[in-house]
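This report is an introduction for a reader who has not seen the structure before.

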Amino acid sequence: MPEDNTVVKHTRFGDIGGYTPVKVKNKDTQETFIINFKNAKITGNEAEWTIKDGKVYDKNGKTIEDNILEVTRYQAALIKAAAKGDEFKGEHDFLDEEDLNGATYAEYAAKELQNAQSEYRLDKMNIGYIRKDGKTIPETVPAADATEGGIIFADVINDKGEKGRLRIDFNNEEQIVKEKPDPWWKFW
């Protein structure tokens, strides 16, 4: 393990460093599992964590000892599902931009919520549209996605109508600055 407490992901294209090993602890069952996160920000209904350079920080910027994320049953299931985006490559314990697999995440999330015996299920979101004549065309889909923009999110609901949310955002300030293209006139 490098000096900064990060680990390396070995791929067929070479080694990629900078992953923070995080122990995800389900508060309800006490089950734990390890996910190696690329720098990310995770938000729930009230909780917020930042994972950066081998450390985990709470919403106040305080370092969390032993890199343990204590989460609810549904949040643990949603994190597991997020890491399955590149499972076919055997990298289900690494969570990074390669897990941004679009609407397929909803399928993984629904299965993991069921496997975890969570009282929550994926909520629905309306992606319908309004025609020119003013008529609304409703269409709902599961409220979970792993977007090309670097965000994985899921909204859940239980039979009592209580809602929950988990969002994993890989867009940190350094990435945004690096990815900003030069103005067109600097091409020449």
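Is Asp 66 buried or exposed? The model is a predicted one. In it, Asp 66 has a relative accessible area of 61%, and because the cut-off for exposed is over 50%, Asp 66 counts as exposed. Asp 66 sits in the loop that runs between strand E6 (55-58) and strand E7 (68-71). The phi angle of Asp 66 is near 65°, which is a positive value in a residue other than glycine.

Gln 117 also has a positive phi, near 55°, and is likewise not a glycine. The loop between helix H2 (104-115) and E9 holds Gln 117. With 66% relative accessibility, Gln 117 is exposed. As a rule, most residues other than glycine have a negative phi.

## Salt bridges

How many salt bridges does the structure hold? There are eight. Side chains of opposite charge can pair when their charged atoms come close.

One of the eight salt bridges joins the side chains of Lys 80 and Glu 31, with 3.0 Å from N to O. Lys 80 belongs to helix H1 (residues 73-83), while Glu 31 is in the loop between strand E2 (14-26) and strand E3 (32-37); the pair is 49 residues apart and links distant parts of the chain. Lys 80 is partly exposed at 25% relative accessibility, and Glu 31 is partly exposed at 37%.

Asp 123 and Lys 163 form another salt bridge, and their closest N and O atoms are 3.4 Å apart. Asp 123 is in the loop between strand E9 (121-122) and strand E10 (124-126), and Lys 163 is in strand E16 (residues 163-169), so this pair ties together parts 40 residues apart in sequence. Asp 123 is buried, at 17% relative accessibility, whereas Lys 163 is exposed, at 52%.

A salt bridge also connects the side chains of Asp 169 and Arg 167, at 3.6 Å from N to O. Asp 169 is buried, with a relative accessible area of 17%, and Arg 167 is partly exposed, with 28%.

## Asp 155 and its surroundings

Asp 155 lies in strand E15 (residues 151-157). Its side chain makes a polar contact of 2.3 Å with the side chain of Arg 165. Apart from neighbours within four places in sequence, Asp 155 is in contact with Arg 121, Leu 122, Asp 123, Ala 143, Gly 164 and Arg 165.

## The nonpolar core

Which residues have the most contacts inside the largest nonpolar core? They are Leu 78, Leu 95, Tyr 105, Leu 122, Ile 152 and Ile 168, in a core of 37 residues. H1 gives the most to this core, with eight residues.

Leu 122 touches a number of residues beyond those up to four places away in sequence, among them Leu 78, Ala 106, Leu 113, Pro 142, Ala 154 and Val 156. Asp 155 is also one of the residues that Leu 122 touches.

## A hairpin of two strands

Strand E1 (residues 7-11) pairs with E2 in the antiparallel sense, over four bridges. Within this pairing, His 10 has Asp 15 in E2 as its bridge partner. E1 and E2 form a hairpin, and two residues lie between them.

Terms used. Residues numbered from 1 in each chain as written. Predicted model: local features only at pLDDT ≥ 70, side-chain atom pairs only at ≥ 80, totals over all residues. Heavy atoms only, no water. Salt bridge = Lys/Arg side-chain N within 4 Å of Asp/Glu carboxyl O. Buried < 20%, exposed > 50% of the residue type's maximum accessible area, 1.4 Å probe, protein only. Polar contact = N/O pair within 3.5 Å; in protein donor to acceptor, adjacent residues only side chain to side chain. Contact = heavy atoms within 4.5 Å. Core = buried A, V, L, I, M, F, W, Y, C linked by side-chain atoms within 4.5 Å. Pairing = 2+ DSSP bridges.
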